[in-house]
Amino acid sequence: MSATVQVTSGSKMIITMGLVASLCGVLIVAAFESTRDAIADNKRIMIERAVFKVLPGAASVREYIATPTGIQAISDATPSAGALKFYAAYDQAGTLKGIAAEASGKGYADVVRVLYGYDVKCQCIIGIGVVSMRETPGIGDKIITDQDFLKNFESLDVRVNSELTALSNAVKTVKHGSKQNAWEIDAIAGATITSKAVGRGINESAQALLPKLVSHSGELQP
Amino acid sequence: MSLTKPNDDAITFDTFMEGVWRQNPVFVMVLGMCPTLAVTVSAVNAISMGLATAFVLVSSCFLISLIRNLVPKEVRIATYIVIIATFVTLVDYLIQAGSLKLYEALGAFIQLIVVNCIILGRAEAHASKNPPLKSVVNALGMGLGFTIGLFALGGTREILGAGKLFGFSLFGEHFQPWVVMVLPPGGFFVLGGWLLLFSLLRSKSENKEEHRHGA
């Protein structure tokens with residue numbers, strides 16, 4: 001090696017980086033390909049578990065989307081923008097048990113995402129389950145465990161009005177202890193913001209989805 | 001190479017223990033604080049995060065050390081980052097395939113392993129100057145040290161903040177959990193406590209050393 005400053009040629013740098021990048025590309029694609037099925041299975045199992053929880057007695061789940069023109073099963077084609085995703089759940093005999101859809105509202109710390117189960121016959125919500133949230137432990141996370149709060153969702157009225165444009169009565173979270181109507185949610189004392197996030201999320205989702213769904217619910221029969 | 005001369009390539013116990021004790025990333029170097037404070041709300045999260053980081057650390061140090069003589073020094077940082085990002089992507093997929101629940105609990109902090117300064121620091125300071133086996137041993141020690149650090153925080157926070165360890169209730173029904181410990185401020189309190197304990201231990205052992213030399 002001479003005493004002069006050693007200069008690396010540009011082509012050497014490019015070749016080195018190109019080789020390293022190609023090797024890394026191969027590694028990433030290999031990892032992606034080999035884990036794809038396992039990840040898809042995991043996601044499906046997670047959705048099934050969540051849906052079975054809000055619709056007791058269900059044994060199988062199918063994904064659908066609702067668009068302004070009707071409902072259709074999700075095929076391999078990517079759903080168009082504005083389509084609302086929901087899950088139809090069936091029992092062992094294959095009859096429709098209910099419909100589950102996701103609702104989300106801004107809570108105290110972050111977005112609270114819940115899945116709600118909807119009964120087509122009584123036009124009411126019959127259960128909710130929390131999908132994800134980062135609310136304060138011991139306060140906001142009572143929405144998972146507080147039995148009085150969960151009783152709100154045993155038959156929450158979400159009937160659609162006769163013109164099929166919106167709900168007859170908007171779902172509303174009211175102050176703890178002042179629930180009077182079947183479409184109201186009695187908030188948890190001390191966790192009003194989180195309770196309201198759940199109510200607002202369900203109202204938003206139900207207002208958008210159910211009017212499109214009600215006239216087509218017959219198509220969900222297998 | 002003669003055996004009497006100190007051999008730079010020799011793998012000693014200290015190569016491994018450097019990361020566990022003398023240069024512990026959490027307690028001594030105080031590196032990688034972002035995941036350290038954010039994901040250590042439970043022992044399981046902490047250990048998973050530690051192991052994910054250790055995996056990235058060991059594999060990228062191995063690869064970087066293998067090609068250390070081929071990479072021109074002008075583009076070494078770019079090359080290291082590409083390699084580190086590759087292994088982070090691998091870990092990302094592996095955790096998703098293993099458990100989506102864990103994946104959601106760790107959230108963005110898996111992807112953020114890319115910018116964990118422990119890893120680039122090890123690549124630059126150790127792997128780029130040492131043979132593969134030695135850098136792997138050193139990276140293993142660092143990874144273990146980081147995992148121990150995260151577990152110390154995660155375990156303490158879970159015990160104090162939820163009354164549980166690994167999800168098992170420790171104190172029964174009557175324990176009122178110290179909720180602030182699993183909230184962000186609790187991370188700083190517990191980290192402060194551990195740093196204090198560590199520096200006490202270290203200053204004590206240094207004093208002892210001085211005493212012995214003085215005697």
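Two strands pair if DSSP finds at least two bridges between them. Helices (H or I, at least four residues) and strands (E, at least two) are DSSP runs, numbered from the N terminus. The structure treated here is a predicted model, in which local features need pLDDT of at least 70, side-chain atom pairs count only at pLDDT 80 or more, and totals for chains, interfaces and linings use all residues. Residues are numbered from 1 along each chain as its sequence is written, while chains are lettered from A and ligands numbered from 1 in the order in which they are written.

**Exercise 1. Describe the sheet of chain A and its pairings.**

Step 1. The sheet is open and has seven strands, in the order β2-β1-β3-β4-β5-β6-β7 (chain A), with antiparallel pairing. Its edge strands, β2 (70-73) and β7 (156-157) of chain A, each pair on one side only.

Step 2. Eight bridges link β4 (residues 96-106) and β5 (residues 111-119) of chain A in the antiparallel sense. Here A:E102 is set opposite A:L115 in β5(A).

Step 3. β5(A) is also paired with β6(A), over seven bridges in the antiparallel sense, and A:G117 stands opposite A:G127 in β6(A). These two strands form a hairpin with four residues between them, and A:Q123 in the turn has a positive phi of about 50°.

Step 4. β6(A) and β7(A) run antiparallel and are joined by two bridges; A:I125 stands opposite A:L156 in β7(A).

**Exercise 2. Determine where confidence is lowest and highest in chain A.**

Step 1. The score is pLDDT, the predictor's confidence in each residue, from 0 to 100. Chain A averages 85, and 93% of its residues score at least 70.

Step 2. Within chain A, the lowest mean, 76, belongs to β2(A), and the highest, 92, to α1(A).

**Exercise 3. Explain why helix α3 of chain B counts as largely enclosed, and compare its span with expectation.**

Step 1. Chain B has eight helices and two strands. Of its 215 residues, 40% are buried, that is, 20 or more other C-beta atoms, placed from the backbone, lie within 10 Å of the residue's own.

Step 2. In α3(B), 17 of the 24 residues are buried, so this helix is largely enclosed by the rest of the structure.

Step 3. The expected span is 1.5 Å times one less than the number of residues. For α3 (residues 43-66) of chain B this gives 34 Å, in agreement with end C-alpha atoms 34 Å apart.

**Exercise 4. Characterise the side of chain B that touches chain A.**

Step 1. 21 residues of chain B are in contact with 21 residues of chain A.

Step 2. On chain B, α4 (76-98) and α5 (100-106) each supply at least two residues of this side. The largest share, 11 residues, comes from α4(B).

Conventions. Contact = placed C-beta atoms within 7 Å. Buried ≥ 20, exposed ≤ 12 C-beta atoms within 10 Å, placed from the backbone.
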